[in-house]
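User: I am new to reading protein structures. Could you take me through one, feature by feature?

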Amino acid sequence: MMTIRPIIILPDPLLRLVSKPVTAFDARVQALVDDMFATMYDAPGIGLAAIQIGVTERVVTVDVSPKEDEKHPMAFINPEIIAVSDELNIHQEGCLSIPDYYAEVERPAAVRIRYHDANGHDHEMDCEGLLATCIQHEIDHLNGVLFIDHLSRLKRERVIKKFIKAAKRDSDD
Ligand code: NI
């Protein structure tokens with residue numbers, strides 16, 4: 001059974017927590033991954049970190065295939081970046097936890113990652129293009145870092161203020 005879970009939104013303090021490594025590769029982890037795919041495709045988004053559905057574990061789902069193509073779901077458990085390119089790339093980023101806000105972020109153009117699959121097996125993968133951007137964005141989430149942290153302080157504070165106001169408006173209703 002896949003369940004679409006609610007996505008937490010800025011300024012929810014959970015988004016600033018550092019997630020814990022997964023140590024048991026059991027049915028519970030597979031169920032978490034399944035729910036994350038359901039939630040990510042429903043949103044829709046190209047990446048999701050477990051903390052975005054309130055689970056403080058180092059689990060990421062990604063699908064950067066173009067919409068018209070077949071789905072290409074990828075799950076990364078305990079992902080870490082083990083090498084980065086000197087070359088940098090600027091991509092426009094957004095985040096399901098910061099809806100309707102987009103900004104250009106500069107990151108390494110390519111990264112090599114190490115991760116476990118849902119069965120606990122070790123893998124390494126070279127990522128470039130949109131996948132490189134997406135996986136760096138999601139690994140940031142596992143460390144309590146948001147893409148707006150890569151912007152100027154002025155821009156970041158403006159966004160945070162806007163979302164604090166919106167959250168206050170919603171709770172006043
Ligand atoms: Ni995000």
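User: In which sense do strand β3 and strand β6 pair, and over how many bridges?

Analyst: First, the general idea. Strands of a sheet pair through backbone hydrogen bonds, either parallel or antiparallel. Now this case, which is a predicted model. Strand β3 (residues 74-84) and strand β6 (residues 110-116) are antiparallel partners, joined over five bridges. Take Ala 83: its bridge partner in β6 is Arg 112.

User: What is the order of the strands in the open sheet?

Analyst: The five strands run β1-β2-β3-β6-β7, and the pairing is antiparallel. β1 (47-49) and β7 (122-128) are the edge strands. Each has a single partner strand, so one side of each lacks a neighbour in the sheet. From one strand to the next, the twist averages 40°.

User: Which strands does α1 touch?

Analyst: α1 packs on the sheet and touches β1, β2 (59-62) and β3. The direction of α1 makes about 40° with that of β2.

User: Over how many bridges do β6 and β7 pair, and how many residues lie between the strands of their hairpin?

Analyst: β6 and β7 pair over seven bridges, in the antiparallel sense. One example is Arg 114, whose bridge partner in β7 is Glu 124. The hairpin has five residues between the strands. Look there for Gly 120, which takes a positive phi near 90°.

User: Next, the metal. Which residues coordinate the nickel ion?

Analyst: Find the donor atoms, then go back to the sequence. The nickel ion is coordinated by SG of Cys 95, NE2 of His 137 and NE2 of His 141, at 2.1 to 2.3 Å. In sequence, these donor residues follow the spacing C-x41-H-x3-H.

User: Where do His 137 and His 141 lie, and are they buried or exposed?

Analyst: Both lie in helix α2 (residues 129-142). They are four residues apart, about one turn of the helix. His 137 and His 141 are both buried.

User: Which residues is Ser 19 in contact with, leaving aside its neighbours within four places in sequence?

Analyst: Ser 19 is in contact with Ile 51, Val 55, Thr 56, Glu 57, Arg 58 and Leu 142.

How values were computed
Residues are numbered from 1 along each chain as its sequence is written. This is a predicted model: local features need pLDDT of at least 70, side-chain atom pairs count only at pLDDT 80 or more; totals for chains, interfaces and linings use all residues. Side-chain values use heavy atoms; hydrogens and water are left out. Donors are N, O and S atoms within 2.8 Å of the metal (3.2 Å for Na, K and Ca); water is not among the atoms, so sites may look incomplete. Helices (H or I, at least four residues) and strands (E, at least two) are DSSP runs, numbered from the N terminus. Buried means under 20% relative accessible area, exposed over 50%, partly exposed in between (1.4 Å probe, protein chains only). Contact means heavy atoms within 4.5 Å. Two strands pair if DSSP finds at least two bridges between them. Axes are lines fitted to C-alpha atoms, for helices over the stretch in contact, and angles run from 0 to 180 degrees between N-to-C directions.
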